[in-house]
Protein chains: 2
Amino acid sequence: MAGTRWLDSDEQRTWRAFLAATELLADALDRQLQSDAGMTHAAYAVLVILSEASDRSMRMSELARATNSSQSRLSHVVARHEERGLVRRERCPTDRRGQVAVLTDAGYDVLTATAPGHVETVRRLVFDGLDPTQIEQLGTISQALLAVLDPEGKLSAVFPVS
Amino acid sequence: MAGTRWLDSDEQRTWRAFLAATELLADALDRQLQSDAGMTHAAYAVLVILSEASDRSMRMSELARATNSSQSRLSHVVARHEERGLVRRERCPTDRRGQVAVLTDAGYDVLTATAPGHVETVRRLVFDGLDPTQIEQLGTISQALLAVLDPEGKLSAVFPVS
């Protein structure tokens with residue numbers, strides 16, 4: 001294509017390092033949580049979000065947005081949590097067609113038992129390897145990327161990132 | 001857990017913004033490539049890596065490492081590419097039990113037709129939203145993360161990132 005703004009070699013290196021780092025990190029977090037709690041990182045995020053919501057409950061549609069998940073992917077994750085008794089689904093009191101996901105006491109217990117090991121993994125894989133200036137830069141850069149990827153702040157309305 | 005090094009509120013914000021940005025970005029790249037070329041970003045990466053290999057071919061085991069993929073996930077991706085005639089598998093000449101993936105001419109054509117639109121998407125979603133200093137910082141931070149996530153440089157041996 002004439003006029004394609006190809007990446008130069010520095011940009012190429014940056015882009016590939018970023019891709020590799022984020023992919024390896026996502027896999028490492030999945031492995032840690034599968035091994036310690038029998039769930040993916042995405043499934044763990046569902047428990048975290050619910051634990052922070054008022055009444056530890058959230059409409060499924062909102063929960064999908066908060067976890068950056070499609071409705072079908074979320075349904076699958078919540079169904080697995082339900083089988084384990086960590087989450088239950090109820091009819092939405094204000095919308096007859098809607099459903100609400102509620103974190104159970106058992107779900108809260110699993111979350112509090114899992115969180116320390118997970119935070120330690122995040123520290124070890126991300127924060128410990130960066131100096132304070134780099135951590136600040138990473139925050140600023142992530143916000144700049146979100147401004148492009150989520151310009152209307154749909155995600156940050158339900159998942160506080162700033 | 002006593003002594004858990006919990007994230008403070010700044011670190012929490014940074015971590016959540018980083019997670020949200022990388023997840024939204026991964027989804028956006030998948031959507032663009034599904035729509036333009038009928039393949040995921042991971043499947044596209046397989047074509048890129050093969051196009052850069054000598055003879056446009058690579059052992060499946062090496063290709064799995066280069067794309068940070070499990071053997072089974074890679075087999076699935078390559079099988080789909082094979083159905084479309086973009087890649088073919090051959091017996092490895094130096095290892096009877098091994099297999100080599102080869103990018104076909106049709107695969108190369110699909111890659112060159114797809115690359116401009118993909119690069120434009122990467123520019124728009126990542127590079128255009130960051131200033132030159134931030135881009136440099138992102139490269140340095142990604143390398144620092146890779147030093148922790150891939151300490152032996154297994155990935156970078158086959159997928160040049162530095």
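## Basis of the description

Two strands are taken to pair if DSSP finds at least two bridges between them, and helices (H or I, at least four residues) and strands (E, at least two) are DSSP runs numbered from the N terminus. The model is predicted, so that local features need pLDDT of at least 70 and side-chain atom pairs count only at pLDDT 80 or more, while totals for chains, interfaces and linings use all residues. Residues are numbered from 1 along each chain as its sequence is written, chains are lettered from A and ligands numbered from 1 in the order in which they are written, and side-chain values use heavy atoms, with hydrogens and water left out.

## Chain A and its sheet

Chain A contains 7 helices and 3 strands, which follow one another along the sequence in the pattern α-α-β-α-α-β-β-α-α-α. Taken along the principal axes, the C-alpha atoms of chain A fill a box of roughly 55 × 35 × 25 Å.

The 3 strands of chain A form an open sheet in the order 1-3-2, with antiparallel pairing. Strand 1 (57-59) and strand 2 (87-91) of chain A each have a single partner strand, so one side of each is left without a neighbour in the sheet. Neighbouring strands are turned by 25 degrees against each other on average, direction ignored, where axes are lines fitted to C-alpha atoms, for helices over the stretch in contact, and angles run from 0 to 180 degrees between N-to-C directions. Strand 2 and strand 3 (residues 99-103) of chain A run antiparallel and are joined by 5 bridges; Val87(A) has Leu103(A), in strand 3, as its bridge partner. Helix 2 (residues 41-52) of chain A packs on this sheet and touches strand 1, strand 2 and strand 3 (contact means heavy atoms within 4.5 Å), its direction making about 90 degrees with that of strand 3.

## The sheet of chain B

In chain B, strand 1 and strand 3 (residues 99-103) pair in the antiparallel sense over 3 bridges, and Arg59(B) stands opposite Val100(B) in strand 3. Helix 2 (residues 41-52) of chain B lies across strand 1, strand 2 and strand 3 of chain B, and runs at about 90 degrees to strand 3.

## How the two chains are related

Chain A is superposed on chain B by a rotation of 180 degrees with 0.0 Å of shift along its axis (RMSD 0.0 Å), using least squares on the C-alpha atoms of residues with pLDDT of at least 70 in both. That is the relation of a two-fold axis. Of the interface residues of chain A, 100% are also interface residues in chain B, so the copies meet through the same surface.

## The second largest pocket

On a 1 Å grid over the protein atoms alone, a cavity is a set of points where a 1.4 Å probe fits but cannot get out, and a pocket is an open set with protein on both sides within 12 Å along at least five of seven lines, its lining residues having an atom within 4 Å of a point. The second largest pocket has a volume of about 350 Å³, a volume being the space filled by probe spheres set on the points, with grid points joined across faces, edges and corners.

The lining of the second largest pocket has 15 residues, of which Leu24(A), Arg31(A), Asn68(B), Leu149(B) and Asp150(B) lie nearest its centre. Helix 1 (9-37) of chain A, together with helix 3 (60-66) and helix 7 (154-158) of chain B, each supply at least two residues of this lining, and helix 1 of chain A gives the most, with 4 residues. The lining divides into 7 nonpolar, 2 polar and 6 charged residues, where Ala, Val, Leu, Ile, Met, Phe, Trp, Tyr, Cys and Pro count as nonpolar, Asp, Glu, Lys and Arg as charged, and the others, Gly among them, as polar.
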